[in-house]
Amino acid sequence: MNALSSEASKPAPSTSVAGSRLAALNAWVAEVAGLTTPAAVHWCDGSDEENAALVAQMQADGTLLPLNPATHPGSWLHRSDPDDVARVEHLTFVCTSREEDAGPNNHWLAPAEAHARMDALFKGCMTGRTMYVIPYCMGPIDSPLSRCGVEITDSPYVVANMRLMTRMGAPALARIEREGVERADAFVKGLHSIGELDPARRFIMHFPEELAIKSYGSGYGGNALLGKKCHALRIASYQARHEGWLAEHMLIVGIENPSGETHYVAAAFPSACGKTNLAMLIPPEGYQREGWKVWTVGDDICWMRPGADGRLYAINPEAGYFGVAPGTSAKSNPNALATINANAIFTNVGLTADNQPWWEGLDNGERPATDWRGNPYDPDKGPAAHPNARFTVSAKQCPSWSPMAEDPQGVPISAIVFGGRRASLVPLVFEARDWTHGVLVGAAMGSETTAAATGAVGVMRRDPMAMKPFCGYNFADYFSHWLSFDGAGAALPKVFHVNWFRKGDDGRFLWPGFGDNLRVLEWMIGRVKGDAGAVETPIGHLPTPADLNLDGVALTDEARGKLFGFERSGWQAEFASIGEYLDGYGPRMPQALKDEQSRIAALLAD
């Protein structure tokens, strides 16, 4: 049995009903309490004392299992219900007044019907449980780019995770109270209950026009930590469109060259496609000797706004990492391993005999004794860790964490990178000719699916800007919004596409990846500065092997041909497919994007 089903019935370590100085917030909390009928209401202040009491409570009821204090001090294991281990895109809805505003990229339900369905589930669901009120800020607490929310939940596990993932507690409440005096939209309202953890009674509803979220029946990550995908992407993307900014599924990384010059790159990859590895990249040994450094601003979400100089400035709205554990190793991401050695919450990993967390790909010489379900490990019965097992940890523990992550004005973005898993056709890297072409590159992104979402793994699907599961409105309107930034006075980033996952005829990856990806980023920065070469092709500007620093990288002739090559016939079929994809959005699809697709298709036909 999932420990959450028992812990939710426990009372809070303390109960506070004083609430907020903001009448609108108090009224909403009272309304939710009247619907859900909790035994107690606890307003979270984010303090160490509060967290310690909640953790002790969860340890007592089995929600959190302590890990080895010698190897992972202050760290815990949580096991989900086996039916509650990933995002549930088929149960995730965007509820706008008009179905066409949600678009074919979202499941839609009329707001009145969605509220009625959810309120029927929420009615009395917290009876005997504590209702936690979590004020939080997405982004630096004093940043004009940040936005606030309040999540109401009956899960102390959610409280503990939100404390790591957001700026949660008293400072956030103070900002909400200040802004709430002047604005009705001072905070996003998120209501969550684990319910009965019944997949047949599980829904995640988003109401962009109301800045509201209702999630029922799941305790898993993005379904329950409403500040993450629900707020920071689905609701924020809608906010961003109306307020003139961008809320994106992107990492933010700073690349410092030996001269001390730092360029910031935002990069969009579907979940489990290497975002965290790139965000925490460690330069190859030769680059380290020369003085190159990599700074982590964010690993998953990026909010960008035009500055007075026409450049895009970005913040990471999150304060922590909710990363995929399997595959994380000393080879793939030593910074991530260092980050999660203490004060972390692990979900659905295996355990060694001495209570260390373990997952496939860890390669640390240890072996699992217990699998993610809590059973003795048997390789014939599946992996020790669930393929979507996660860690939650404060970003400040990362050795490469950048203090610029707390800069209220954000960091200036020099380049935007799109990418996905493509075993064939797509080269290692290419540059878009201009902003419109770059938007098409992002809109046409394709990737092979991973275990981060339910459904088949390894199926190629279009995932525009890595936002397919996360855009809170019609993709056609979203593409138009992207195009709108190319106006007078704009000094926009260059746009690139990468594919770390190209395979050879033997099925093996052709590019070494990991730290060697800095070689590709160095070329991009050179293109931004105007001192790196490229070859023009119909699909964009491609480097030759001579344009990259490949010292110490052994590439076969096949690898050089496929990583740096352009396959005209394959791209003809790809652009025909892209045209059909764009047409699927109907008359709302911006003509500029269709014209760009037609222009490139014509070049490919020559």
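**A walk through the predicted model**

Helix α13 (residues 435-443) packs against helix α18 (residues 591-605) at an angle of about 90°, and their axes lie 9 Å apart. That makes α13 roughly perpendicular to α18, a label for angles of 65 to 115 degrees. Axes here are lines fitted to C-alpha atoms, for helices over the stretch in contact, and angles run from 0 to 180 degrees between N-to-C directions. Helices are DSSP runs of H or I with at least four residues, strands are E runs of at least two, and both are numbered from the N terminus.

This is a predicted model: local features need pLDDT of at least 70, side-chain atom pairs count only at pLDDT 80 or more, and totals for chains, interfaces and linings use all residues. Residues are numbered from 1 along each chain as its sequence is written, and side-chain values use heavy atoms, with hydrogens and water left out.

Back to the helix pair. From α13, Thr436, His437, Val439, Leu440 and Ala443 meet Ala592, Leu593, Glu596, Gln597 and Ile600 of α18. Contact means heavy atoms within 4.5 Å.

Next comes the interior. In soluble globular proteins, nonpolar side chains tend to be buried together. The largest nonpolar core here has 110 residues. Such a core is a set of buried Ala, Val, Leu, Ile, Met, Phe, Trp, Tyr and Cys residues joined through side-chain atoms within 4.5 Å. Buried means under 20% relative accessible area, exposed over 50%, and partly exposed in between (1.4 Å probe, protein chains only). Phe418 and Trp482 touch the most other members of this core. Helix α6 (residues 156-165) gives the core its largest share, seven residues. Not counting residues up to four places away in sequence, Phe418 touches Trp482, Met250 and Phe496, among others. A second, separate core holds 43 residues, including Leu109, Cys137, Ala212 and Tyr216.

Now look at Arg202, in the loop between β9 (187-193) and β10. Is Arg202 buried or exposed? Arg202 is buried, with a relative accessible area of 2%. The side chain of Arg202 reaches the backbone oxygen of Gly217 at 2.8 Å.

Leu211 sits between β10 (203-207) and β11 (212-216). Its phi is positive, about 50°, although Leu211 is not a glycine. Leu211 counts as buried, at 10% relative accessibility. Asn355 lies in the loop between β20 (350-352) and β21 (357-358). Asn355 has a positive phi near 65°, and is partly exposed at 35% relative accessible area.

Key:
Parallel < 35°, antiparallel > 145°, perpendicular 65-115°, else oblique. Polar contact = N/O pair within 3.5 Å; in protein donor to acceptor, adjacent residues only side chain to side chain.
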